[in-house]
Amino acid sequence: MSLKHAVLAALLEGEASGYDLAKIFDVSVANFWAATPQQLYRELDRLAEAGLIAARVVEQERRPNKRMFSLTEPGRQDLYAYTSTPPRPSAVRDELMVQVQACDEGDTEAVRGFVAQRMETARTKLARYERMRERMLDGRDEETYLREAERVGPYLTLMRGRFFEEENLRWGERALVLLDRRAALRGGAPEPAHEVAPGGVTHSPTLR
């Protein structure tokens with residue numbers, strides 16, 4: 001996926017400034033596409049030159065003037081054509097996984113700490129995604145929201161982000177238990193008395 005189409009898709013939410021789009025990417029798009037503000041501004045200029053978005057200047061009394069961007073009909077047609085094109089397979093490049101792969105010959109305790117950090121990041125993101133979900137639902141249950149909402153795409157991508165971070169937590173919890181058990185078997189730290197599974201359920205540390 002190109003940044004071009006990520007920007008066009010974000011503008012389906014309505015007219016936005018470059019600053020607004022940077023916030024959208026940081027909050028609601030970040031779970032599947034990352035971009036810096038500088039990249040966004042450059043892409044907005046390219047899309048405006050291509051006629052896929054329209055730009056207008058809004059004058060402000062006490063602040064610098066700002067440009068507001070919106071989708072044009074050619075932009076909507078381009079986005080429509082894009083959604084009919086099969087996506088390329090995802091390419092996973094996770095530096096933490098390389099460190100985990102090599103932990104037997106490396107600094108296992110440091111790697112353990114990196115896994116714990118990944119879990120803390122997942123918790124932070126999950127809390128943010130839950131706040132976003134509550135704002136989307138606005139007091140409605142999911143079925144009512146899906147029946148009434150004008151668009152379902154943002155909810156589905158948010159759901160994907162939530163599932164991804166929940167899986168990061170599940171994997172991290174299990175990885176920490178196994179690393180601790182390995183250390184105990186080799187005479188390192190004592191083996192934990194129990195394992196905390198997702199949802200707070202505890203069980204004995206028997207191998208599975």
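Student: What pattern does the chain follow when read along the sequence?

Tutor: In this predicted model, the order is α-β-α-α-β-β-α-α-α-α-α-β-β. That comes to eight helices and five strands.

Student: Why is Thr-72 called buried?

Tutor: Let's set the value against the cut-off. Buried means under 20% relative accessible area, and Thr-72 has 18%, so Thr-72 counts as buried.

Student: Where is Thr-72 placed, and what is it in contact with beyond its neighbours within four places in sequence?

Tutor: Thr-72 lies in the loop between β3 and α4. With those neighbours left aside, the contacts of Thr-72 are Gly-51, Leu-52, Ile-53 and Ala-54. To count as a contact, heavy atoms must be within 4.5 Å.

Student: Good, now helix α1. What makes it largely enclosed by the rest of the structure?

Tutor: Helix α1 spans residues 3-10, and six of its eight residues are buried, so the helix is largely enclosed.

Student: Which residues of α1 are the buried ones?

Tutor: They are Leu-3, His-5, Ala-6, Val-7, Leu-8 and Ala-10.

Student: And what covers them?

Tutor: The cover includes the helices α2 (18-29), α3 (37-49) and α4 (73-83), along with the strands β2 (53-58) and β3 (66-71).

Student: How much of the whole chain counts as buried?

Tutor: Of its 208 residues, 29% do. As for the accessible surface, the chain has about 14000 Å², and carbon and sulfur atoms hold 53% of that.

Student: What share of the contacts with a separation of 6 or more comes from residues 24 or more positions apart?

Tutor: Such pairs account for 55% of those contacts.

Key: Residues are numbered from 1 along each chain as its sequence is written. This is a predicted model: local features need pLDDT of at least 70, side-chain atom pairs count only at pLDDT 80 or more; totals for chains, interfaces and linings use all residues. Side-chain values use heavy atoms; hydrogens and water are left out. Buried means under 20% relative accessible area, exposed over 50%, partly exposed in between (1.4 Å probe, protein chains only). Helices (H or I, at least four residues) and strands (E, at least two) are DSSP runs, numbered from the N terminus. Accessible areas come from the Shrake-Rupley method with a 1.4 Å probe; for residues, only the protein chains shown count as cover.
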